[in-house]
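Please look over the sequence and the 3D structure shown here before reading the report.

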Amino acid sequence: MGDAELWSQWFYPGEMPKTDRSIVSVDVEDYFHAESFSDVVERQLWDNYTSRVEVNTRRLLEVLARLNVHATFFVLGWVAERFPALVREIAAGGHELGCHSYWHRLIYKLDPAEFREDTRRAKDAIEQIASEPVGGYRAPTYSVVDRSAWAFEILAELGFTYDSSIFPIRHDRYGMPDAPRAPFHFQTPSGPMTEFPITTFRLAGHNFPVGGGGYLRLLPWFYTRMGVQRARQEGLPIVTYIHPWEIDPEQPRLAGRFTSRLRHYTNLSSMLDRFQSLLQTGSFTSFRESGLADSAKDFDFYAWNRFKN
Ligand SMILES: [Zn+2]
């Protein structure tokens, strides 16, 4: 058994209160912001693309209203500045506003000063438009990994109280496979932080991603149902996410690598049904309304990170 595994066993949430509270989040970005196309879409040319983010986000707002579910919307600062009415509509629907960076760059490719500047710009934009504080952060492409864990200190410094960017799986672009899988509370040098990892379930000694984004869209429904059930049996809240472009079969097609296109364009027309089915498996709400931050267990994230590296 490796050291990291010992830590995760010590932490393992067997003793956590069972909960049926689940979180639904939306990463509010356009189809041309997706990391899969970052090699063919230049950031400085974003304004040249036909935007679909308003129409798609409004469709999600309608579905959520019909199901009487509040969600957390992590808005890209670039989107907030261009579509302030959309930001206000989200807040008016009783949903929580969070921050999804300004330029959708991978944190581990930024230095701390660039990250601070990008994050502050996005947070300020959203807060000024909505006239309410933004407490939650979701990293572009889950790019809080071991070598970018310094980001937490900056998030606390900028006034964030929680983050939901750790994906405890192995993946080519992101992932912190040994991280705790349940929400946890920790101290950074600039203040306290709560982390809500994206949901995984255990099978044959491995963590598997379930219920969010491409996993919900591309994998068969029985996989999602089984994974969500297993995670709930462990006492984990479901933390799921969706992107507005994932429900849009009419979005303009971009050139790009074959694998990127395959991943991005598959099942766009069935995703909204999938999403609604998922929301009907439990009692979903926003991070803010879930109260889950209060029951998060203390975990010395910095000591753990030093210990394993
Ligand atoms: Zn994103």
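The sections below cover confidence, the metal site and the aromatic rings.

## Model and confidence

This is a predicted model, in which local features need pLDDT of at least 70, side-chain atom pairs count only at pLDDT 80 or more, and totals for chains, interfaces and linings use all residues. Residues are numbered from 1 along each chain as its sequence is written, and side-chain values use heavy atoms, with hydrogens and water left out.

The predictor's confidence in each residue is called pLDDT and runs from 0 to 100. Its mean for the protein is 92, and 93% of the residues reach 70 or more. Over residues 1-18, pLDDT stays under 50. For this stretch the model has 31 contacts (heavy atoms within 4.5 Å) beyond four places in sequence. Where pLDDT is low, the predicted coordinates should not be read in detail.

## The zinc site

Glu29 (OE), His100 (NE2) and His104 (NE2) coordinate the zinc ion at 1.9 to 2.1 Å. Donors are N, O and S atoms within 2.8 Å of the metal (3.2 Å for Na, K and Ca); water is not among the atoms, so sites may look incomplete. The spacing of the donor residues in sequence is E-x70-H-x3-H.

Glu29 and His100 link distant parts of the chain, 71 residues apart. Glu29 is in the loop between strand E1 (21-28) and helix H2 (53-66), and His100 is in the loop between strand E3 (96-99) and helix H5 (112-130). Helices (H or I, at least four residues) and strands (E, at least two) are DSSP runs, numbered from the N terminus. Both Glu29 and His100 are buried; buried means under 20% relative accessible area, exposed over 50%, and partly exposed in between (1.4 Å probe, protein chains only).

## Aromatic rings

Rings of Phe, Tyr and Trp (its six-membered ring) pair if their centres lie within 6.5 Å; planes under 30 degrees apart count as stacked, over 60 as edge-to-face and the rest as tilted. By this rule there are 32 aromatic pairs. Tyr137 counts as buried because its relative accessibility is 0%.

Phe201 and Phe208 form a stacked pair, at 5.6 Å centre to centre and 25° between the planes. Phe201 is buried, at 0% relative accessibility, whereas Phe208 is partly exposed, at 29%.
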